[in-house]
Amino acid sequence: MDRREAEQTRQPARQLAREKTLYRYSSALERGDFEVVSSILREAEQDPPLERMILEMNEVYCAELEDRQSLATQVSPRHRWTSFPRLLRGSKKEKKMNELHSRRWLPSGDGLRNALIAGSVVLGVVLTFAIGWSLYAPSKRAGGETALTVDPWGLTRSDVGVSGDDADESLPHYTPAQTGAPPPAMPQVDEPSLAGLPQESERLIIRNGRISMSVRDTRAARVSVEAMVAEMAAEGAYVISSEEYGESDEGSPYITMSIRVPVSRFDEAMDRLAGLAVKVTARHESGQDVTEEYVDLEARLESLEAARQRLLEIMQETRTTKDLLQAEEQLTAREAEIESLKGRVQYLAQSAKLASIWIELQPYILSQPVGDRWLPAETARQALETLVDSLRGLGDFMLFFAIAVLPWMAALGLVVYGVVRFVLWRVRVSREKRAAEEQSPDPAT
Amino acid sequence: VSLDEESMEQTDTSTANRTLLRGFIEAETETLQRTLRYYLLRAGLANGQGATLAAVELLNEVVVEALEHADRFKASGQPKAWLLGIAANLIKRKQAERATRNRREPLVRDLYPGAGNTLSEDELFDRLAALTAPPGQDLEANEGAATILAHVSDGDQRVLRLAVLHNLNGAALAQELGVTPGAARVRLHRALNRLRHAWHVQEGQKGESDG
């Protein structure tokens with residue numbers, strides 16, 4: 001409750017403070033004091049009601065200004081444009097006024113103004129003509145038909161600190177009309193020696209190597225590899241990663257490493273690594289020519305930089321805010337692309353500068369110690385494990401047989417049993433028949 | 001890692017602000033241009049038809065500055081006030097450049113003769129605010145108010161009296177006068193300025209007679 005009351009009391013006070021700030025704003029604006037205007041706008045940034053009040057006032061001021069200007073465009077006769085001849089002779093009304101004031105020996109205010117403007121114009125024309133003549137006349141005097149030398153930078157002799165006859169001595173210049181001789185030969189400039197330039201553009205090749213090898217002691221070999229990298233560290237070499245696994249009490253672990261070495265020392269590094277091995281199990285070297293990509297990227301970068309520059313120029317020249325915003329958007333996109341390309345270019349340059357080598361160090365088997373311990377419990381455990389495994393296998397087989405094979409065998413057995421019984425029955429029947437025939441008397445006898 | 005995250009966050013904010021500001025400027029170009037035109041005229045940096053062109057140029061400068069420093073814009077802030085603030089700073093810079101060219105620093109009192117010798121806006125405002133009577137009390141009976149208001153014309157007196165009655169609240173004054181709040185405030189501020197001027201003149205005369 002107290003809080004609400006306090007808030008209610010604070011509201012009018014805050015509003016009054018805003019009204020006061022607003023008054024300071026309008027006064028500052030009227031006298032063109034943008035220090036105060038700027039500070040009040042900063043305040044309004046965090047105070048929406050104050051901002052709204054300022055914007056409302058701005059609207060009123062702008063509307064007033066537009067009204068005033070639309071009134072001003074309805075030009076009064078007093079301010080109408082006066083043509084130059086009219087200015088010289090004066091308007092009819094002015095003539096009439098002059099007649100009325102003919103006894104006055106001083107011209108009226110407007111007449112004086114017109115006379116001053118007209119006088120200035122006439123004086124300007126005369127001066128221009130005089131300057132033009134003064135520039136033209138000496139050249140004609142000096143050389144008769146001498147062509148006028150054109151000075152595109154607008155520098156006259158006096159501008160460069162040489163004048164008169166001295167100028168002729170200190171500045172030898174060629175005038176065809178004077179000598180009729182051919183122009184002096186241009187000073188001989190040595191052609192740039194082609195020998196100094198690379199005959200072929202430098203190739204940019206990213207080199208990679210992979211080496212797998214057996215060593216007597218993998219840890220010692222890793223130390224050697226690290227020492228080699230440290231030796232090349234001044235040229236930028238470094239170890240990227242190192243991993244150790246399969247460690248046991250009996251022998252060395254397996255180690256894999258990844259290193260970067262200067263490309264100029266790649267072959268040397270590979271040879272030195274191979275030198276650590278008892279046996280090199282695999283060695284692979286490859287090179288990727290990225291010159292084309294690099295050149296292409298550089299060209300794109302150059303083109304993007306040019307586009308960026310052009311956009312900046314457009315932004316300076318643009319007359320509408322919409323165009324400016326569009327140009328700025330384009331510029332942002334170009335800049336992002338430039339950054340991305342620069343990153344790729346840098347990566348390629350860096351990769352081409354440093355070759356990467358992946359190393360696998362395996363412990364050499366013959367160098368591993370021979371086991372001489374007898375462990376009967378371990379053997380019994382292994383035997384029991386084998387027995388359990390075999391029993392489990394037998395059980396699995398029986399189960400599988402009973403489910404998957406036995407039904408088929410039973411069905412097949414029934415069929416076979418039926419066939420056999422049928423065959424036996426036929427045999428018995430035929431035997432009995434034959435016996436009966438043998439026992440009966442022959443009617444012929 | 002935290003630095004990377006911080007810079008990524010900053011980039012995200014900057015991008016979001018740029019998008020926000022770009023949209024705002026596109027929508028408000030015309031209003032901004034009009035206001036800047038008025039600012040330039042008030043600052044004495046342009047006149048006549050040239051003011052429109054100068055306003056476009058100034059707006060373009062504002063846009064460039066705003067988008068370049070978009071990360072400084074607080075999302076909770078008011079974009080128009082921020083942009084106008086940039087414009088005011090640019091105008092200030094141009095005024096200073098012009099003054100340097102003319103080898104003379106402009107002083108506020110040079111730009112507005114008499115500003116240094118008379119009551120400041122704050123003082124006058126506070127003096128009037130002190131007159132705002134509590135409800136029920138007759139303002140006319142307040143001698144201080146009568147003395148102060150006697151310095152200006154009847155029209156200004158009416159505006160000032162109404163303003164004082166309504167605690168110098170522009171919105172309430174607008175209702176009484178039947179105009180927009182902006183127009184009411186313009187009238188009030190002009191009346192206040194004329195009062196300040198009249199006060200200054202009277203003080204000057206008093207000083208002369210004492211001297």
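Predicted model: local features only at pLDDT ≥ 70, side-chain atom pairs only at ≥ 80, totals over all residues.
Chain A contains 13 helices and five strands. Of its 445 residues, 23% are buried. The accessible surface of chain A is about 32400 Å². Carbon and sulfur atoms supply 59% of that surface.

Confidence was examined next. The predictor assigns the complex an ipTM of 0.74 and a pTM of 0.43. For chain B, the mean pLDDT is 78. A pLDDT of 70 or more is reached by 80% of chain B residues. Over residues 105–109 of chain B, pLDDT stays under 50, and the model has nine contacts for them beyond four places in sequence. Residues 111–116 of chain B also have a pLDDT below 50. That stretch has nine contacts in the model beyond near neighbours in sequence.

Salt bridges were then counted. Side chains of opposite charge can pair when their charged atoms come close. Over all chains, the total is 34 salt bridges.

One of them joins Glu56(A) to Arg185(B), with an N to O distance of 3.5 Å. This pair crosses between chains. Glu56(A) lies in helix α3 of chain A, residues 48–73, and Arg185(B) lies in helix α9 of chain B, residues 181–210. Glu56(A) has a relative accessible area of 23%, so it is partly exposed. Arg185(B) is buried because its relative accessible area is 2%, under the 20% limit.

Helix α3 of chain A also carries Glu59(A), whose partner Arg34(B) sits in helix α1 of chain B, residues 2–43. This pair, too, crosses between chains. The side chains of Glu59(A) and Arg34(B) meet at 3.1 Å, N to O. Glu59(A) counts as partly exposed because its relative accessibility is 31%. Arg34(B), with a relative accessible area of 24%, is likewise partly exposed.

Within chain A, Glu268(A) forms a salt bridge with Arg265(A). Their closest N and O atoms are 3.0 Å apart. Glu268(A) is partly exposed, at 32% relative accessible area. Arg265(A) has 17% relative accessibility and therefore counts as buried. A network is also present in chain A. Salt bridges with shared partners link Arg207(A), Asp267(A), Asp271(A), Arg283(A) and Glu285(A).

Note on methods: Residues numbered from 1 in each chain as written. Chains lettered and ligands numbered in written order. Heavy atoms only, no water. Helix = DSSP H or I, 4+ residues; strand = E, 2+ residues; numbered from the N terminus. Buried < 20%, exposed > 50% of the residue type's maximum accessible area, 1.4 Å probe, protein only. Areas by Shrake-Rupley, 256 points an atom, 1.4 Å probe, with all protein chains shown as cover. pLDDT = per-residue confidence, 0-100. Contact = heavy atoms within 4.5 Å. Salt bridge = Lys/Arg side-chain N within 4 Å of Asp/Glu carboxyl O.
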